[in-house]
Amino acid sequence: MPENPAHRAMAAAVARMPAPTSRQEATLLEAELAHVFGARRAVAVSSGTAAITTALAACGIGAGDEVLLPAVTVVMTVAAVTATGARPVFVDAAVEGLGMDLRDVAAKTGPDTKAVVAVHLAGRTDGIHNLAAYTRTAGLHLVEDACQAQGTTTRGRCAGTVGDIGCFSLKDGKIISCGEGGYLLTDDDVLADRAAAHRTHWQTGAPGAPAGSRLGFNHRLAEPLAALARHHLARFPEALALRRRQAAALHRAVDGTPGLEPIAAADNEQPNGYSALWRLTLPRPRAFSIRLAEAGVPNSVGTHCLTAAHRHPAGARFATCDLARAEATVDALLAVPFTEHDSEQAIQQRALTIRQEAAAWTG
């Protein structure tokens, strides 16, 4: 087909456009994030969900592609996949921990599968190294949703740096926060350049895709928010240590309570303390979590209505099979998160409430 002169003129006009306005705070934040977490590149974006969408776009994921992701995840991960035009394919839970069943991953890998999204729920990275080995062999991109895993390490590596690209949130409640925001980590310069182009309407070029050659979005992180994130990043070691102390304190006060089994960290993993975690063996565990929320103990199921993605009203249309283990894993999960404002007294009160409610629970 002959080249359209109007298209040629438009491309020339785009090439003459001035570079986007300098973003000093965001640029400094990116350099500091890459240094702190041991990655070659960081790309700041407007939210954790935007980070996942941008990561998938950088990997070339789009309409007609399939992306495998755990059914044990928050619905925002599903939304990020669908925003690219790709179809989410839910994978069942592993027998142990919060990761994906690798056999189900392999069984659901098909000709349209282009990527796998691993979700580090509650700061846990269960199965990430085996999954990374599989995706390398299968020629698939591995994206880590590490929005709840800032500071978690596994085999000496930071969560979000095992796969091709890691995604993080800066929303309130995260260990590093600025109200709203997110970022990506990667050692791949091509992926980083594509992510940076996508987050600013492709006004900057990337390898194989010059400026203006693709459609992108405004996923930029505002300068005031970047400055606030830098402030919190500077005190990240202290904030991380606090979360770990909080989680350890609640576990010491609750572990041993009948009906609550602590969920141990994987081998060679040091969780970030995002949540204290138990597997409930009480009757009607989901109802028990709701009861705890009513009694003043925030938790993922009772407070935030965490539901296996294939059972969520917005995710059910993508369900293609029964995922009983994933559903049971979520329903039996008691994940109690923390904030920097939770005092020792507040943690001990939550522990007392959990013990009392468990002792009185009849289901």
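Visitor: By class, which residues make up the lining of the second largest pocket?
Guide: This is a predicted model. The second largest pocket has a volume of about 570 Å³. Of the 30 residues in its lining, the closest to the centre are T125, D126, G127, I128 and A266. By class, the lining has eight charged, nine polar and 13 nonpolar residues.

Visitor: Which element gives the most to the lining of the second largest pocket?
Guide: Helix 5 (102–108), strand 4 (113–119) and helix 6 (128–138) each give two or more residues. With four residues, the most comes from helix 6.

Visitor: How many charged residues line the largest pocket?
Guide: About 870 Å³ of space lies in the largest pocket. Its lining has 39 residues, with V74, M76, Q148, K174 and Y274 the closest to its centre. Helix 3 (48–58), helix 4 (75–83) and strand 13 give two or more residues each. By class, 15 are nonpolar and 16 polar, and the charged residues number eight.

Visitor: At what angle do helix 9 and helix 12 pack?
Guide: The contact is made by Q246, A249, L250, A253 and V254 of helix 9, and by residues of helix 12 including I347, A351 and I354. By class, the contact has seven nonpolar, two polar and three charged residues. The crossing is right-handed. The axes lie 9 Å apart, at an angle of about 35°.

Visitor: Which residues of helix 10 are buried?
Guide: Helix 10 spans residues 285–294. Its buried residues are covered by elements including strand 12 (275–280), strand 13 (333–337) and helix 12. Buried here means under 20% relative accessible area. The buried residues are A287, F288, S289 and L292.

Note on methods
Residues numbered from 1 in each chain as written. Predicted model: local features only at pLDDT ≥ 70, side-chain atom pairs only at ≥ 80, totals over all residues. Heavy atoms only, no water. Axes fitted to C-alpha atoms, helices over the stretch in contact; angles between N-to-C directions. Left-handed = near helix turned anticlockwise from the far one by under 90°. Contact = heavy atoms within 4.5 Å. Nonpolar A, V, L, I, M, F, W, Y, C, P; charged D, E, K, R; others polar. Buried < 20%, exposed > 50% of the residue type's maximum accessible area, 1.4 Å probe, protein only. 1 Å grid on protein atoms, 1.4 Å probe; cavity = no way out; pocket = protein on both sides within 12 Å on 5 of 7 lines; lining within 4 Å. Points joined across faces, edges and corners; volume = space filled by probe spheres on them.
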